Amino acid sequence: MVTHPGRGLHGQAVEELGRRIIRGDYPPGSVVDPVKFETELGVSKTVVREALRVLAAKGLLESKQKRGTTIRPRADWNLLDSDLLRWQGSSAPSDGFLEDLAEVRAIVEPAGARLAAARRTGADLDAMRQALEAMAAAGTDADAMVEADLAFHRALLDAAHNELLSRMEVVIEAGLRVRDRIVHGARHFSDSIPVHRELLAAVEAGDPDAAVTAVESLLAQASHDLAAVQAQGDHDDPTARPLPEENS
């Protein structure tokens, strides 16, 4: 899976242009103008060229002689790329995107919990306990709660000891992060620690059926909280940060 540079202007240009494409600022088939990007972002031709190369590797762009660089159809995008998942979940994610993520979680996490209950090790249980303790310690710190929640679900998938299932972490993380950002940002949500504790207990006891039941309860609670916040319309809509000056 191709990822952009983590820091510097190259990575920030990838972030900004990637978000614009995902947001629909440039519809599929439209021609992009690298010179315009240089001006708008205040970066060099080299930075833009590298950013476009990375986005092309993610399936967003293609370059052809006489046509230049164009936006590819959405069907060609690498939608499981971690950056694309994150960009789709940023700003104002669509209801369709949220529903797709919820459906994938409903397919993957119960299966992961069932395997985790049968295969977990002491180290796996320790990782889940530590994440649960971090959730309890987070209090009203929304960012800390989100990171602890992600750590718990990551540990759950890892406890299944299936390498391919663990790679689904990128999808689960995208779904959790966008859901948690909306719900915990609104500060009106159910206490999820008890059901997380039930899930840990089921995995620790080696009870696959109880683990599946706990995950399904957790997912139902997550969906209920998200629907409640959306109905109230009291969640924040984060915006992208501007690029710094190139000579900074």
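Of the contacts (heavy atoms within 4.5 Å) between residues at least 6 apart in sequence, 74% link residues at least 24 apart. This is a predicted model, where local features need pLDDT of at least 70, side-chain atom pairs count only at pLDDT 80 or more, and totals for chains, interfaces and linings use all residues. Residues are numbered from 1 along each chain as its sequence is written, and side-chain values use heavy atoms, leaving out hydrogens and water.

Eleven helices and two strands make up the element list, counting DSSP runs of H or I with at least four residues as helices and of E with at least two as strands. Starting at the N terminus, the order is α-α-α-β-β-α-α-α-α-α-α-α-α.

Here are the surface totals, with buried meaning under 20% relative accessible area (1.4 Å probe, protein chains only) and areas taken from the Shrake-Rupley method with a 1.4 Å probe.

| Chain property | Value |
|---|---|
| Buried residues | 43% of 248 residues |
| Accessible surface | about 12,700 Å² |
| Carbon and sulfur part of the accessible surface | 51% |

Now for one helix pair. The axes (lines fitted to C-alpha atoms over the stretch in contact, with angles from 0 to 180 degrees between N-to-C directions) of α6 (residues 122-138) and α7 (residues 142-159) come within 8 Å and cross at roughly 165 degrees. The two helices are therefore roughly antiparallel, a label for angles over 145 degrees. Residues in their contact include A127, M128 and L132 of α6, and A148, F152 and L156 of α7. By class, the contact residues split into 15 nonpolar, no polar and three charged, where Ala, Val, Leu, Ile, Met, Phe, Trp, Tyr, Cys and Pro count as nonpolar, Asp, Glu, Lys and Arg as charged, and the others, Gly among them, as polar.

Technical notes
Parallel < 35°, antiparallel > 145°, perpendicular 65-115°, else oblique. Buried < 20%, exposed > 50% of the residue type's maximum accessible area, 1.4 Å probe, protein only.
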